[in-house]
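This report looks at charged pairs and the nonpolar core. Start with the structure itself.

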Amino acid sequence: MKIALASDHGGLEYKTKIIEHLKKNNHETFDCGTNSLDSCHYPEFAKKACQMLADNKVERVILVCTTGEGVCMTANRFKGIRCGVGYDDEVVSLMRHHNNANAISFGQKFMKLDDVLHRVDIFLNTPFDGGRHLTRIQMIEQ
């Protein structure tokens with residue numbers, strides 16, 4: 001799977017670890033920044049990753065900042081992107097099953113790395129259920 005990733009300085013450590021994890025599992029990754037611990041603006045980097053998804057250059061987006069909220073808000077400004085904060089295993093599963101989420105965000109300060117890596121796998125391996133949920137996705141897109 002082709003996956004774009006982005007973070008600000010508050011999510012750089014986890015983004016780096018997620019990329020390592022994805023590469024071990026034979027995914028193709030695109031690092032949209034940042035690559036520095038210097039203070040920066042998360043929308044700049046989240047927009048780069050989301051634009052790749054909007055342009056169909058990747059299949060999924062993974063975003064990391066301090067809380068996961070700012071990058072999630074940025075992602076959801078893009079037409080066709082459905083992003084949620086991956087704060088719980090079941091929530092991540094339902095984001096895929098019910099909402100066909102194609103982007104996910106994580107908060108480095110408030111989540112354990114092992115949990116994040118596990119939730120990345122859930123996000124990538126859980127199918128969309130379709131059916132009645134497809135109608136809801138279509139309503140979002142209108």
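This is a predicted model: local features need pLDDT of at least 70, side-chain atom pairs count only at pLDDT 80 or more; totals for chains, interfaces and linings use all residues.

Arginine 119 forms a salt bridge with aspartate 89, with the closest N and O atoms 2.8 Å apart. The two ends sit in distant parts of the chain: aspartate 89 in helix H4 (residues 89-97) and arginine 119 in helix H5 (residues 113-125), 30 residues apart. Aspartate 89 has 30% relative accessibility and counts as partly exposed.

## The other salt bridges

The structure holds three salt bridges. One of them joins aspartate 31 to lysine 15, the closest N and O atoms lying 2.6 Å apart. Lysine 15 is buried at 1% relative accessible area. Aspartate 31 is partly exposed at 37%.

Glutamate 141 pairs with arginine 82, with the closest N and O atoms at 3.3 Å. Glutamate 141 belongs to helix H6 (residues 132-141), while arginine 82 lies in the loop between helix H3 (69-75) and strand S4 (83-85), 59 residues apart. Arginine 82 counts as buried at 13% relative accessibility. Glutamate 141 is partly exposed at 27%.

## The nonpolar core

Nonpolar side chains tend to be buried together in soluble globular proteins. Here, the largest nonpolar core has 42 residues. Ile18, Val61, Ile62 and Leu63 touch the most other members.

Which residues does isoleucine 18 contact, leaving aside neighbours within four places in sequence? They are Leu5, Ile62, Val64, Phe106, Val116, Leu117 and Val120.

Note on methods: Residues are numbered from 1 along each chain as its sequence is written. Side-chain values use heavy atoms; hydrogens and water are left out. A nonpolar core is a set of buried Ala, Val, Leu, Ile, Met, Phe, Trp, Tyr and Cys residues joined through side-chain atoms within 4.5 Å. Buried means under 20% relative accessible area, exposed over 50%, partly exposed in between (1.4 Å probe, protein chains only). Contact means heavy atoms within 4.5 Å. A salt bridge is a side-chain nitrogen of Lys or Arg within 4 Å of a carboxyl oxygen of Asp or Glu. Helices (H or I, at least four residues) and strands (E, at least two) are DSSP runs, numbered from the N terminus.
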